[in-house]
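Me: Hi! Could you walk me through this protein model in plain words?

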Amino acid sequence: MVDRTQLLQSFDALLQPERFRDYGPNGLQVEGCLTVHKIVSGVSASRSLIEAAIAAGADTVFVHHGLFWRSQDGRVTGWMKQRLSLLLAHDINLFAYHLPLDAHPELGNNAQLGMKLGLKMTGRFGEQDLGFLGEPMQAAGFDSAEMLAKHVEQCLDRRVELVNVAANRIRKIGWCSGGGQNYFEAAIAAGADAFITGEISEPQAHYARESGVAYLACGHHASERFGAPAVAAHVAAQLGLQHQFIEIENPA
Ligand SMILES: [Zn+2]
């Protein structure tokens, strides 16, 4: 067991939140007990995850999507009241790291998604360097965008939305986990033949067709499942804590 402040220092040292301009606070979002034994990691601080963490005997929850975002009006009503009351009643610490968790070069969402898809990172692009550029481990690449889409579907066990099946042989691939649609133009500029992210919005379909670069939307949740458990497991091992990842199914 360790002191909560020591745990915070370990997460901060690893993820360096001070380097990012983010949409919400990174680090300890809700203060619980001082002494920590067990971390449950998950993608989002939903009520289901908090309930599952309580059932699993955790005193600490570590997530990518925390409770507080810049766009909120700050009222503690409805779902916010429910989630906060569960955390406070059970004295559970909530740690959340958003962009720093996307960006970490080995344990972050993008690095782990790349590993899952068999891509090796050769460079970074886009705002705050959150876009990853790389190549498939097998040097020949994929013969077509459809083959790449099939590969991603198999790796993530989920349907992929592919725009621009006409893309040529895929060698350079750009990716940005979660809601990374706004990184598409930077991926095109960086020379990607295909771009993989969680979501698609209306303009990207046109950019894909007009640029000749394939666009693959493989799910916000589905592309961000890997960073939180990788970081939490790493820090838990460092400090001798228990850790368990809990997947809360999400169609997105
Ligand atoms: Zn996200």
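Reply: Happy to! This is a predicted model, where local features need pLDDT of at least 70, side-chain atom pairs count only at pLDDT 80 or more, and totals for chains, interfaces and linings use all residues. Residues are numbered from 1 along each chain as its sequence is written, and side-chain values use heavy atoms, with hydrogens and water left out.

Me: Switching topic: which residues hold the zinc ion as donors?

Reply: The protein donors are His65 (NE2), His220 (NE2) and Glu224 (OE), 2.1 to 2.2 Å from the zinc ion. Donors are N, O and S atoms within 2.8 Å of the metal (3.2 Å for Na, K and Ca), and water is not among the atoms, so sites may look incomplete. His65 sits in strand β5 and His220 in helix α9, so the pair ties together parts 155 residues apart in sequence.

Me: Are His65 and His220 buried or exposed?

Reply: Both His65 and His220 are buried. Buried means under 20% relative accessible area, exposed over 50%, and partly exposed in between, using a 1.4 Å probe and protein chains only.

Me: How much space is in the largest pocket?

Reply: About 750 Å³. Of its 42 lining residues, the closest to the centre are His65, His98, Gly179, His220 and Glu224. On a 1 Å grid over the protein atoms alone, a pocket is an open set of points with protein on both sides within 12 Å along at least five of seven lines, a cavity is a set where a 1.4 Å probe fits but cannot get out, and lining residues have an atom within 4 Å of a point. Points are joined across faces, edges and corners, and a volume is the space filled by probe spheres set on them.

Me: What volume does the largest cavity have?

Reply: About 40 Å³. Its lining includes Gly24, Trp69 and His98.

Terms used: Helix = DSSP H or I, 4+ residues; strand = E, 2+ residues; numbered from the N terminus.
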